[in-house]
Amino acid sequence: MTDCLFCNIIKGKIPSNLIYEDERVIAFEDINPQAPVHFLVIPKEHIESAAYIDENNKNLMGHILFVVSKIAKSRGLEEGYRIVNNCGINGGQTVEHIHFHVLGERKMLWPPG
Ligand code: 5GP
Ligand code: ZN
């Protein structure tokens, strides 16, 4: 997936403010933050969206949530945060490499628009 923006961030071809990396995932600051804390957690494996979660990568999704929780603790988000996954056109997904937004340090509204 040479033309995938997030694959290029993983490869270091496009710069990002990296905040976490292990053998399976990276996390970096969103370029257009929607909250005082807004970072993205993504798998290194190119998976298009949540619609492509299958038997082979479902454990990776659990690992991503574990990483979210770990980073949130280290960033001091004791008062809570929101995890968002936009899937497909109706979900508002703009980058076709699965990613989990983590937003914190502001009160979120529910339901979303
Ligand atoms: P989506 O709309 O697909 O759920 O979210 C894509 C997110 O990627 C958006 O919040 C957008 O601000 C972020 N984004 C788009 N391009 C870049 C980039 O080049 N670098 C970083 N760090 N974030 C990006
Ligand atoms: Zn990709």
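I began with the shell around ligand 1 and found that its residues divide into five nonpolar, six polar and two charged, where Ala, Val, Leu, Ile, Met, Phe, Trp, Tyr, Cys and Pro count as nonpolar, Asp, Glu, Lys and Arg as charged, and the others, Gly among them, as polar. I noted that this is a predicted model, in which local features need pLDDT of at least 70 and side-chain atom pairs count only at pLDDT 80 or more, while totals for chains, interfaces and linings use all residues. Residues are numbered from 1 along each chain as its sequence is written, and chains are lettered from A and ligands numbered from 1 in the order in which they are written.

I then listed the 13 residues that surround ligand 1, of which the closest are I31, N32, N86, T94 and V95; a residue is near a molecule if its C-beta atom, placed from the backbone, lies within 6 Å of it.

Next I looked up H99, which the UniProt annotation "active site", from an unreviewed entry, covers; positions there follow the numbering used here, feature names are shortened, and annotations may be inferred rather than shown by experiment. I placed H99 in the loop between α3 (88–91) and β5 (100–104), with helices (H or I, at least four residues) and strands (E, at least two) being DSSP runs numbered from the N terminus. H99 counts as buried because it has 22 C-beta neighbours inside 10 Å, the cut-off for buried being 20 or more other C-beta atoms within 10 Å of its own, placed from the backbone.

Notes. Buried ≥ 20, exposed ≤ 12 C-beta atoms within 10 Å, placed from the backbone.
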